[in-house]
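Here are my notes on the model, as promised. Keep the viewer open while you read, and go through the points in order.

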Amino acid sequence: TDHRLVNYLRGRIGFRTTETILALFLDGSHHLLSDQEFGEGSPQRIHALPRNILKRALELDASGIILAHNHPGGGVTPSSSDIEFTKSIKTLCLKLDIRLHDHVIITSGHWASFRNLKII
């Protein structure tokens, strides 16, 4: 995962006190088309629907997505619900010919990549 991406994500959501999910929508050349937040939650949990993220990807004709969310508590270990959510998005992406490039958990000081962790 590129350090520029990590710095961007940290600036956007890394310092938030409630969990927020951010989707970055990419074109075929991996350029950013748009980014959008898909809900805030409590300090420990977020509520976002995979269908809303995929709907936006289709509206933008995106060929790739990078997901990111923050963990206000500071830990970057994916929860079971983080993993389940990511796998459901990946399944939908495959059916729609959209590539899920990564899902990054970000905090003010640390980050973790689902791709690097071999979860996706």
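1. **Terms and ground rules.** Buried here means under 20% relative accessible area, exposed means over 50%, and partly exposed is in between, with a 1.4 Å probe and protein chains only. Helices (H or I, at least four residues) and strands (E, at least two) are DSSP runs, numbered from the N terminus. The model is predicted, so local features need pLDDT of at least 70 and side-chain atom pairs count only at pLDDT 80 or more, while totals for chains, interfaces and linings use all residues. Residues are numbered from 1 along each chain as its sequence is written, and side-chain values use heavy atoms, with hydrogens and water left out.

2. **Strand 4.** How many of the eight residues of strand 4 are buried? Seven are, so this strand (residues 99-106) is largely enclosed by the rest of the structure. Strand 3 (residues 64-70) runs parallel to strand 4, and seven bridges pair them; two strands count as paired if DSSP finds at least two bridges between them.

3. **The hairpin.** Strand 4 also pairs with strand 5 (residues 111-113), in the antiparallel sense and over three bridges. Four residues sit between the two strands of this hairpin.

4. **Strands 1 and 3.** All of strand 1 is covered: seven of its seven residues are buried, so it is largely enclosed by the rest of the structure. Thr20, Leu22, Leu24 and Leu26 point one way from strand 1, Ile21, Ala23 and Phe25 point the other way, and all are buried. Strand 3 is mostly covered as well, with seven of its seven residues buried. From strand 3, Gly64, Ile66, Ala68 and Asn70 point one way and Ile65, Leu67 and His69 the other, and all are buried. Strand 1 and strand 3 run antiparallel and are joined by six bridges. Alanine 23 has leucine 67 of strand 3 as its bridge partner, and leucine 26 stands opposite glycine 64 in strand 3.

5. **Helix 2 against helix 3.** Helix 2 (residues 50-60) packs on helix 3 at an angle of about 35°, and the axes are 10 Å apart. The axes are lines fitted to C-alpha atoms, for helices over the stretch in contact, with angles from 0 to 180 degrees between N-to-C directions. The crossing of these two helices is right-handed, meaning the near helix is turned clockwise from the far one by less than a right angle. Helix 2 brings Pro50, Ile53 and Leu54 to the contact, and helix 3 brings Phe85, Ser88, Ile89, Leu92 and Cys93; contact means heavy atoms within 4.5 Å.

6. **Isoleucine 53.** This residue belongs to helix 2. Is isoleucine 53 buried or exposed? At 0% relative accessibility, isoleucine 53 counts as buried. Leaving out residues up to four places away in sequence, isoleucine 53 touches Ala23, Phe25, Phe38, Ile65, Leu67, Phe85 and Ile89. Isoleucine 53 and leucine 22 are 31 residues apart in sequence, with 9.4 Å from C-alpha to C-alpha.

7. **Serine 34.** Serine 34 is in strand 2 and counts as buried at 18% relative accessibility. Setting aside neighbours within four places in sequence, its contacts are Ala23, Leu24, Phe25, Arg56 and Leu60.

8. **Positive phi, worth a look.** Aspartate 97 is not a glycine, yet has a positive phi of about 60°. Aspartate 97 is in the loop between helix 3 and strand 4, and counts as exposed at 69% relative accessibility. Histidine 30, also a residue other than glycine, has a positive phi near 70°; look for histidine 30 in the loop between strand 1 (20-26) and strand 2 (32-40).
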